[in-house]
Amino acid sequence: MAPRKSASTSSSTVVLVATRKGAWIFHADKKRKSWRVDGPHFLGHTIHHLVLDPRDGRTLLAAAKTGHLGPTIFRSTNGGRSWKEAAQPPAFAKAPEGQRGRAVDHTFWLEPGHASQPGVWYAGTSPQGLFRTEDGGDTWQPITGVNEH
């Protein structure tokens, strides 16, 4: 699978790769002559999107679909050395009794908010849904005007 996102820092280039078998982070020197691989992260799980937050250059969010946890978001604040699962990943509201509801199958897109909004991220899901977090990816809330229209 092709790299999902790349970013440059003052000292190196970082290429993030998300696949059906996990995620990898490739680090290069300034001249891109020497590369170091970090991973696999989430070996055996589908990673739909892996994003480095350009606002701080060290926070990573990973949209994962795991066999036992289902669709979820993982967050690292130290460049991928450690990860924590979202306390409340993107999810549609529970349907009233007797009605059929929607369930998130997977998150396919993660996008950091504006530079003036630290901690804000957006997530696009399938079936179609849009979610927002204001705490760096720990708890996600539906954008009702989009999801219920």
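Visitor: Is Gln117 buried, partly exposed or exposed, and at what relative accessibility?

Guide: This is a predicted model, and the values below are computed from it. Between the cut-offs of 20% for buried and 50% for exposed lies the partly exposed class. Gln117 has 27% relative accessibility, so it counts as partly exposed.

Visitor: Where does Gln117 sit, and which residues does Gln117 touch?

Guide: Gln117 belongs to the loop between β9 and β10. Leaving aside residues up to four places away in sequence, Gln117 touches Arg55 and Arg132. As for distance, Gln117 and Val37 are 80 residues apart along the chain, and their C-alpha atoms are separated by 31 Å.

Visitor: Which elements make up the protein?

Guide: The protein has one helix and twelve strands. Read from the N terminus, the elements run β-β-β-β-β-β-β-β-β-β-β-β-α.

Visitor: How should I read strand pairing, and what is the pairing of β2 with β3?

Guide: In general, strands of a sheet pair through backbone hydrogen bonds, in a parallel or an antiparallel sense. Here, β2 (residues 13-19) pairs with β3 in the antiparallel sense, over seven bridges.

Visitor: How many residues of β3 are buried?

Guide: Strand β3 covers residues 22-28, and five of its seven residues are buried, which leaves the strand mostly covered.

Visitor: What is the strand order in the open sheet that contains β6?

Guide: This open sheet of four strands has the order β5-β6-β7-β8, and its pairing is antiparallel. The edges are β5 (46-52) and β8 (84-85); each has a single partner strand, so one side of each lacks a neighbour in the sheet. Within the sheet, β6 (residues 60-66) and β7 pair over seven bridges, in the antiparallel sense. Leu60 has Ser76 in β7 as its bridge partner.

Visitor: Is Thr72 buried or exposed, and in which strand is the place of Thr72?

Guide: Thr72 is in strand β7 (residues 70-76). Its relative accessibility is 1%, so Thr72 counts as buried. With residues up to four places away in sequence set aside, the contacts of Thr72 are Ala62, Ala63, Ala64, Glu85, Ala86 and Pro89.

Visitor: What is the order of the open sheet that contains β11?

Guide: The order is β9-β10-β11-β12, an open sheet of four strands with antiparallel pairing. At its edges are β9 (106-112) and β12 (141-142), each of which pairs on one side only.

Visitor: Which bridge partners can I look up for β10, β11 and β12?

Guide: β10 (residues 121-126) and β11 (residues 129-133) are joined in the antiparallel sense by five bridges. They form a hairpin with two residues between them. Thr125 has Gly129 of β11 as its bridge partner, and Ala123 stands opposite Phe131. On the β12 side, β11 has two bridges, again antiparallel. There Phe131 stands opposite Pro142.

Visitor: What radius of gyration does the protein have, and what would a compact globule have?

Guide: A compact globule of 149 residues would have a radius of gyration near 15 Å; the protein has 16 Å, which agrees. Along the principal axes, the C-alpha trace spans about 60 × 35 × 25 Å.

Visitor: How many contacts join residues at least 24 apart, and how are the charges placed?

Guide: Among contacts between residues at least 6 apart in sequence, 33% join residues at least 24 apart. There are 19 positive and 12 negative side chains, and the centres of the two sets are 9 Å apart.

Notes: Residues are numbered from 1 along each chain as its sequence is written. This is a predicted model: local features need pLDDT of at least 70, side-chain atom pairs count only at pLDDT 80 or more; totals for chains, interfaces and linings use all residues. Side-chain values use heavy atoms; hydrogens and water are left out. Buried means under 20% relative accessible area, exposed over 50%, partly exposed in between (1.4 Å probe, protein chains only). Two strands pair if DSSP finds at least two bridges between them. Contact means heavy atoms within 4.5 Å. The radius of gyration is taken over C-alpha atoms; the globule rule is 2.2 Å times the number of residues to the power 0.38. Lys and Arg count as positive and Asp and Glu as negative; His and the chain ends are not counted. The place of a charge is taken as NZ of Lys, CZ of Arg, CG of Asp or CD of Glu.
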